[in-house]
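I wanted to look up how the chains meet, and then how one chain is divided.

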Amino acid sequence: MKAKIPLRQRQWYKLDNAAKVFPGQNTSSWSNVYRMSVTLTEKIDPDLLQKALEMTMPRFPMFDVRMRNGFFWHYLEKNPYGMPPVMPDIANPCQRFKWKENNGYLFKVYYYENRISVDFFHAITDGYGASRFFMTLTAVYLRLTGKEIPVGDAVLDINEKPHEGESEDAYLKNVKSKAKAQRVYKFTYHYKGKRLPKHYLNITTGYIPVAAIKEKAREYGVTITEYVAAVLVWIMYNLQKQDKWNKEKPVGVQIPVNVRNFCESETLRNFMLCYSFQIDPKMGEYTFPEIVKQLSLYLRYINNEKELQAMMNGNAGIEKNPVMRVLPSFLKDFGISVVYKITGEKATSSLITNVGIIKTPKEMEQYIEKLCLSTGPGMLIPKCAALSYKDTLALSVSNIFEEPTVQREFFTTLVKFGIPVKVESNRHFIAGGDT
Amino acid sequence: MSYCVNCGVELEKGCPACPLCDTPVINPREKTAEPEKPLFPEILEIPKSVSKKYWAFVLSLIIIIPNLVLLALDILIFKSGISKYIIGGFAVAWIWFIFPMLWKKNIPVVMLGIDALALLAYLNMFRLYGVENGWFSSIVLPVVIALWALCNLFIFWLRKPRDKSMTAVAVLGAINLLSFVIEICMNMYYYGKLQVVVSFIVTACCVSLMIFFTVMAKSRRFKDWAKRKFFM
């Protein structure tokens with residue numbers, strides 16, 4: 001479809017501080033795409049879903065954009081083309097986005113049986129913003145099927161005008177610190193296995209009763225995120241021990257945090273920062289309780305507004321650096337892709353992102369069977385994503401290896417710790433692919 | 001509902017095997033149940049990517065055009081005949097780096113053979129158009145064959161993951177062997193006798209390093225001692 005909106009009327013946005021690196025990292029092996037899926041009680045009607053999407057889009061102008069190449073930076077521009085099409089689901093989600101496909105939109109809506117899934121490119125939003133968009137879309141769809149769904153919690157009012165604060169670059173607005181966080185991490189252990197062919201991704205999701213995992217976390221006096229992160233470190237630590245070529249490298253986990261918990265902002269764009277935690281097996285044998293304790297104490301020590309401000313200031317400093325600013329965008333992309341290939345995932349063995357509890361109006365809960373979040377492929381590391389809905393924690397492990405060793409270790413460890421897990425995976429559905 | 005007897009996790013209804021360990025699910029009670037819709041569709045989205053053949057074509061064009069210009073200039077203006085050596089060099093580079101892109105799956109041994117033949121053909125061109133006093137058959141041919149054979153041995157040996165120290169030992173051994181071949185060929189060509197001197201010096205260096213790396217690989221005690229003594 002040809003452009004209908006004149007150039008002058010097309011609103012444009014600078015990429016936020018975190019999003020600036022994503023266009024340079026948009027490759028098949030590192031797509032920076034994540035997926036949210038909701039399974040409803042009824043089969044999805046694609047026509048109604050398309051209509052729901054068209055009704056939802058005006059409330060979220062930050063999603064109604066396409067990626068453009070500026071001379072110095074990439075930027076987001078209001079999409080002059082039609083609506084993004086809803087598509088039948090695929091077995092290998094979270095694939096890289098090409099700027100010209102999907103009518104230029106940076107998210108894709110899929111449907112399959114009772115399930116609606118949306119793949120988001122990280123440059124437009126983080127897990128918080130995505131959950132607001134996704135739950136609003138689901139609520140609008142349910143309303144179109146004749147259900148009474150009120151507005152509230154993660155469901156935004158589509159009749160309301162978009163708030164100005166929802167499209168702000170919260171990093172630049174909130175950065176006040178003069179200090180820059182200096183963080184040096186060692187290169188860590190990475191699980192090695194036979195890689196899946198390009199564009200394939202192994203996603204295994206475990207559904208866990210929140211009460212069961214909360215009780216276990218309470219035994220150690222930690223939060224659910226800390227507990228799950230500790231399990232990840234524990235299994236990677238044990239996998240390294242079993243490795244024939246064990247070099248006793250440090251084992252680490254990266255934990256993105258929602259900065260909205262510290263700096264007030266209603267932005268629906270990216271507003272998160274990452275902490276890294278490492279243990280060094282050269283220091284001696286670790287037990288699981290030791291890892292939980294160290295991780296929890298480390299996060300409690302470091303996770304505060306001042307530290308986050310210093311991290312934000314450090315990141316903003318790179319963006320404001322005069323040398324960085326004058327480099328053409330293609331050189332920046334090349335530099336980012338090279339730097340991230342060399343160092344990006346070297347300093348962590350895995351990643352766990354927890355979006356937290358997604359709340360929806362009570363009337364909506366009865367129509368939703370399950371909700372889950374899964375991340376895209378990591379070049380070296382398995383990535384874990386979590387969210388809680390109603391009384392269930394959905395934990396997804398995504399990786400690019402044929403053998404489900406990491407997933408198996410992760411979920412069976414939880415079972416051994418007395419936490420019941422129900423699993424589902426796309427593994428057997430992508431196994432028949434062209435290998 | 002079914003549970004995996006191996007992993008202990010609960011499985012989705014109708015799941016034929018555990019996705020974590022592939023243990024088949026045999027639940028007599030679920031047999032009578034209606035077959036569930038699979039969790040994921042069979043559709044796979046594989047984006048179209050620019051093929052290696054396309055890049056091979058583009059790179060070939062980039063190489064061919066200046067070479068054709070050079071050939072024309074040499075024939076019409078310079079008339080020196082130097083272009084055949086430059087074009088030959090580019091042809092060897094094409095066979096080494098672009099030719100493998102035309103194949104879906106590369107077999108290293110075959111590719112190495114083709115590379116060695118291309119190099120021999122290029123050097124043979126110097127013999128044909130230059131001075132012929134036996135240098136090709138006395139030096140070039142045995143050295144290239146020795147290098148090709150050593151590379152093949154390495155390909156065969158590196159099929160399994162090897163320890164870095166042992167790889168260093170193998171590389172040093174190969175360097176030592178190659179030095180013997182080169183020195184013998186050179187001496188036979190220039191002096192007509194089997195005289196080996198320099199290679200023994202190379203051997204002394206290589207063997208001492210090989211012993212060091214072997215002990216490093218085999219003895220943890222020595223490794224710890226070396227780390228303590230030579231830390232920087």
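Which strand of chain B does β15(A) join, and how many bridges are there? I found two bridges from β15(A) to β2 of chain B (residues 10-11), and the two strands run parallel. Strands count as paired if DSSP finds at least two bridges between them. In β2(B), B:Glu10 stands opposite A:Lys422.

Before going on, I noted that this is a predicted model, in which local features need pLDDT of at least 70, side-chain atom pairs count only at pLDDT 80 or more, and totals for chains, interfaces and linings use all residues. Residues are numbered from 1 along each chain as its sequence is written, and chains are lettered from A and ligands numbered from 1 in the order in which they are written.

Next I looked up the contact of the two chains. It takes 22 residues from chain B and 30 residues from chain A; residues are in contact if their C-beta atoms, placed from the backbone, lie within 7 Å. On the chain A side, α11 (405-416), β15 (422-425) and α12 (427-430) are the elements that give two or more residues. α11(A) gives the most, with five residues. Helices (H or I, at least four residues) and strands (E, at least two) are DSSP runs, numbered from the N terminus.

Last, I checked the domains of chain A. Domain 1 covers 9-174 and domain 2 covers 202-430, with bounds from an automatic or database domain assignment. Their centres, taken over C-alpha atoms, are 22 Å apart. I found 61 residues of domain 1 of chain A in contact with 48 residues of domain 2 of chain A.

Notes. Two residues are in contact if their C-beta atoms, placed from the backbone, lie within 7 Å.
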